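Visitor: I would be grateful for a close look at the strand pairing in this chain, with its setting described as well. Please keep to what the model itself shows.

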Amino acid sequence: MSLVARVSVNSAPAVNSSYVVRPSGVHGYGAFATRDIEIGEVIDEFVGERLTHAQCDERYKDRDVNDPHTFLFTLDENTVIDSSVGGNDTRFINHRCDPNCEPQIENGRVFIVAINRIRQGEELGFEYNIGREEDDPDNVDEIYACRCGSPACRGTILWPAKRSRRRKRKSNSGIPTSAI
Ligand SMILES: C[S@@+](CC[C@H](N)C(=O)[O-])C[C@H]1O[C@@H](n2cnc3c(N)ncnc32)[C@H](O)[C@@H]1O
Ligand SMILES: [Zn+2]
């Protein structure tokens with residue numbers, strides 16, 4: 001089952017939100033700036049149900065490996081945030097290989113912060129840092145093909161761009177790419 005089906009619409013739009021969710025040419029729905037957003041501006045908090053890695057593995061143990069869709073965000077070695085439960089509109093921010101915002105972690109909370117000046121109408125996107133695993137299928141780069149459309153697009157939303165690694169379940173990550 002696609003994780004899209006798990007989305008619960010349980011969060012009201014943020015008051016004075018600087019972005020809105022609408023269909024995206026990158027994938028499904030995306031988040032778009034409703035006004036210019038300055039560098040360093042906090043766009044919103046990324047929220048959702050907090051799970052241990054074990055709980056998350058159990059929840060998604062039957063997940064189709066050919067379905068790249070995920071609303072998970074790895075906070076650290078202990079915690080995964082599942083934004084399909086209790087998440088807000090930040091869960092619709094797509095991956096970009098040339099990100100204009102990034103998740104910043106402060107006291108265990110995740111804030112999406114602009115790292116470039118973002119123009120009104122521009123799609124928001126951050127670097128997902130989705131790691132590779134030993135048991136990834138050979139076509140994993142096709143499954144996780146990136147459609148961000150950037151001239152800098154590396155063709156996959158996985159990191160690093162070439163395979164070499166471990167870990168079990170795919171999620172966006174607050175862990176710097178250098179540490180993965
Ligand atoms: C948190 S969701 C983002 C919202 C998603 N577009 C939606 O409508 O539900 C993350 C998923 O969106 C897709 N996605 C996000 N960025 C992408 C990109 N640059 N290229 C291809 N698929 C992308 C992948 O399936 C990824 O697992
Ligand atoms: Zn890309």
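Guide:
**The strands and their surroundings**

Of the 180 residues in the chain, 35% are buried; a residue is called buried when 20 or more other C-beta atoms lie within 10 Å of its own, exposed when 12 or fewer do, and partly exposed in between, with C-beta atoms placed from the backbone. The structure is a predicted model, in which local features need pLDDT of at least 70 and side-chain atom pairs count only at pLDDT 80 or more, while totals for chains, interfaces and linings use all residues. Residues are numbered from 1 along each chain as its sequence is written, and chains are lettered from A and ligands numbered from 1 in the order in which they are written.

The predictor's confidence in each residue, pLDDT, runs from 0 to 100. Its average over the chain is 87, and 84% of the residues score at least 70. Residues 1–12 have a pLDDT below 50, and this stretch has 14 contacts in the model beyond near neighbours in sequence. Residues 176–180 also have a pLDDT below 50, with seven contacts in the model beyond near neighbours in sequence. A contact here means that the C-beta atoms of two residues, placed from the backbone, lie within 7 Å.

The chain has two helices and 11 strands. These are DSSP runs numbered from the N terminus, a helix being H or I over at least four residues and a strand being E over at least two. From the N terminus on, the order of elements is β-β-β-β-α-β-β-β-β-β-β-α-β. Among contacts between residues at least 6 apart in sequence, 73% join residues at least 24 apart.

The pairing can be taken up with strand S6 (residues 79–82). Strands count as paired if DSSP finds at least two bridges between them. Strand S4 (residues 49–52) runs antiparallel to S6 and is joined to S6 by four bridges; Thr52 has Thr79 in S6 as its bridge partner. Strand S5 (residues 72–74) is likewise antiparallel to S6, with three bridges between the two, and Phe73 stands opposite Ile81 in S6. S5 and S6 make a hairpin in which four residues lie between the two strands.

Leu72 belongs to strand S5. This residue counts as buried because 22 C-beta neighbours lie inside 10 Å. Beyond its neighbours within four places in sequence, Leu72 is in contact with Cys56, Val80, Asp82, Ser171 and Asn172. Leu72 and Arg91 are 19 residues apart in sequence, and their C-alpha atoms are 8.8 Å apart in space.

Another group of strands forms an open sheet of three, in the order S3-S9-S8, with antiparallel pairing. Its edge strands are strand S3 (42–46) and S8, each of which pairs on one side only. From one strand to the next the twist averages 30°, where axes are lines fitted to C-alpha atoms, for helices over the stretch in contact, and angles run from 0 to 180 degrees between N-to-C directions. S8 and S9 run antiparallel and are joined by six bridges; Pro103 stands opposite Ile112 in S9.

The loops hold some backbone features to be noted. Most residues other than glycine have a negative phi, and most peptide bonds are trans. Asn107 lies in the loop between strand S8 (101–106) and strand S9 (109–114). Although Asn107 is not a glycine, its phi is positive, at about 50°. Asn107 counts as exposed because it has 4 C-beta neighbours inside 10 Å. Asn129, found in the loop between strand S10 (125–126) and H2, has a positive phi near 55° and is also not a glycine. Asn129 is buried, with 24 other C-beta atoms within 10 Å. A cis peptide bond, with omega about 0°, joins Trp159 and Pro160, and Pro160 is placed in the loop between helix H2 (140–143) and strand S11 (172–173).

Strands also take part in the surroundings of ligand 1. The ligand has 19 residues around it, the closest being His27, Gly28, Tyr29, Asn94 and His95; a residue is near a molecule or strand if its C-beta atom, placed from the backbone, lies within 6 Å of it. Strand S2 (29–33) and strand S7 (94–95) each supply at least two residues of this shell. By class, the shell has nine nonpolar, eight polar and two charged residues. Ala, Val, Leu, Ile, Met, Phe, Trp, Tyr, Cys and Pro count as nonpolar, Asp, Glu, Lys and Arg as charged, and the others, Gly among them, as polar.
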